[in-house]
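User: I would like to learn how to read aromatic rings in a structure. Could you take me through one?

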Amino acid sequence: MSKYSMHLLVCGGTSCHSSESDAIVCNLRDELEAKGLMDSVQVILTGCFGFCEKGPIVKVMPDNTIYVQVKPEDAQTIVEEHVIKGRKVTRLLYKDPVTKESISDSKHMGFFKKQLRIVLRNCGFINPENIDEYIARDGYQALGKVLTAMTPEEVIKEVKDSGQRGRGGAGFSTGLKWELARKNQSDEKYVVCNADEGDPGAFMDRSVLEGDPHSVLEAMAICGYSIGADNGLIYIRAEYPLAIERLKIAINQAREYGLLGNNIFGTGFNFDITLRYGAGAFVCGEETALIHSMEGLRGEPTVKPPFPAEAGYNGKPTNVNNVETFAAIPAIILKGAKWFSSIGTVKSRGTKVFALAGKINNVGLIEVPMGTTLREVIFEIGGGIRNGKKFKGIQTGGPSGGCLSEKHLDTPIDFDNLIAAGSIMGSGAMIVLDEDDCMVSMAKFFLEFTVEESCGKCAPCRIGNKRLHELLGQICEGKGTLADLDRLKNMSVVIKDTALCGLGQTSPNPVLSMMDNYYDEYVAHVTDKKCPAGQCKSLLEYVVNAENCVGCTACARVCPVNAISGERKEVHHIDPSICIKCGACMEKCKFDAIFIR
Amino acid sequence: MSKITSLADLKKKREELKSGLGIRTKAIDPENVVQMKVAMATCGIASGARTIMEFFSEQLERRNVAAVVTQTGCMGYCYAEPTIEVKLPGQDPVVFGFVDLKRADQIIEKYIKTGELVDGIIPVNYQTIDLNV
């Protein structure tokens, strides 16, 4: 059908683009033209391969050969050797860093195995609104296996042995949690799915629910069987209308097939799931607050113990797990604890889904084995920093997490390593910051969020965070002192130690980690009254460069507060006491005569 | 829909479905038609995936291309939405990103009709587990 027998795919991602992939395309086309092959070989620019470290990349199809670090002048060799004679150009092949052997087929390159999809196995593959596609992908087989061939104790043991830890953020052993809920005797128990994803920049749970809702339903039923519950509740925020819609469709389809409801698979096991909507309060991601919200009470946390496993929803034993935790369960049951625990690090097994956001080229949803380094995530999968800027930091764990700097780039990501580095895993939001981001403003931004979301029940969180936020505001305005930095630190520690729930106990984390890693920047704000990143408006000064200024008066005319004076054809001057730092003059100036000091 | 009353029932159903994966309704051999998936999570829809999906459903029929267009969840390439996956008969699936109406038209005219690739291909950089039991 195709008139082309061969395709040459050239990476056109930002990084390869800047290393002349355009010229490679031109040269390849010229070469093919010269050899009269334009009609049978097509050259095409693609999106990022993610292999930026070894870019530019040229991939030859259909034989899947990958050439790395290709230069424009290599075009001739590729055409003459590979295209015409069918011989691979060995010197351009990727060499395995360990064995030093050349690898030509991309399927065998370790790099392309960096991402492993367990939780996202069906996401972007099946139609989420069609249960048949889920079943065709071995859906509900795990539930069938559990109900017909395993005792609840065996299921719990399997989950425990898998080493899976809760993906909501705290990293508590899933199997242990189930075991505790099983041990507490009661006439009624509940399985709750926490879909109250609240971290700014996080969209892992939403994507799973929108892309593969049945995996969560199936896992909840498995959990119900294990702990002895026949009721499941999904607490989902009302801001996720599409996820809610798809869950409703999925629940109805599962009921029609008898995969939810009474006497599932004829085993006498009953389990049904209903939805509960949250109003999008961050604190309701905390399990006790979540349960109170479901009960119709204020979404406020209570002191643990009692844990939900003892007295949760309606005072009955309740097991709360996160969406991502559930979505991996069917895979653990079918492929076994041994398989799951072979992936990841010793203390953090399996994979983790991350939402990559911020100043990164390939914003997206990724899933990597635990133990992958931040460098791999940012520079290989994420395609590096946008606009060729310099990497500055990465906020993991949302507003409860910390900001890690360049020195942490080679840290293997797992629960314990991130804590040791001064951050947390959290739910998996990763916000990448570049050189233009001010670490004081950033800390203030996250504090603003926690101040807004604090439920107000305990004083450290209600008052302490407010004070932290005020202090950071003063520092941004150039009104801070060195003593304020000490105050920031001390207050943060007190809030961490005394707040009632996870929200307050973690809210000072961004401040602490940013002060730890970027202390100089904080000092610059208070002693030099400068913002090195050029973000804090109050600390900026717009100045005219006398050498470049031609006196065209364009800046004076555009200034909204008449802060610029000067005669025509003479050097102009900006009065800092009037200037409101709007930047209009700098934008207008055609001679690069205005700069920020 | 009939109830699935035993695990054996489910297994039987899975085998029936595996061959078709959601295409049975058209009663055509899935291996001989163009299979297209449009990533329709919130991010995709917000970037215009719905318009793209409607365009493909309408135009493929109008241009006499035997094809099945379905929706799917997030493929993970949020930076390149809307994204679609096209599988031509007997070939590996190809993912295209940044699909606007112009590119959608090119995809039908060039890739689907003549096998000529168009810009915007997203190389797949992950592996997925197979639950196969």
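**Rings and their partners**

Analyst: Lys335(A) lies over the face of Trp339(A), 5.4 Å from the ring centre. This is a predicted model: local features need pLDDT of at least 70, side-chain atom pairs count only at pLDDT 80 or more, and totals for chains, interfaces and linings use all residues. Residues are numbered from 1 along each chain as its sequence is written, chains are lettered from A and ligands numbered from 1 in the order written, and side-chain values use heavy atoms, without hydrogens and water.

User: How many aromatic pairs are found over all chains?

Analyst: Eleven, from a search of the whole structure. Rings of Phe, Tyr and Trp (its six-membered ring) pair if their centres lie within 6.5 Å; planes under 30 degrees apart are stacked, over 60 edge-to-face, the rest tilted. Phe55(B) and Phe56(B) have centres 5.9 Å apart and planes at 75°, so they are edge-to-face.

User: Is Phe56(B) buried or exposed?

Analyst: Buried means under 20% relative accessible area, exposed over 50%, partly exposed in between (1.4 Å probe, protein chains only). Phe56(B) is buried at 0%. Phe55(B) is buried at 17%.

User: How is the pair of Tyr79(B) and Phe98(B) arranged?

Analyst: Edge-to-face, with 6.4 Å between centres and 70° between planes. Tyr79(B) is partly exposed at 22%. Phe98(B) is partly exposed too, at 42%.

Notes. A charge sits over a ring if NZ of Lys or CZ of Arg is within 6 Å of the ring centre and within 35 degrees of the ring normal.
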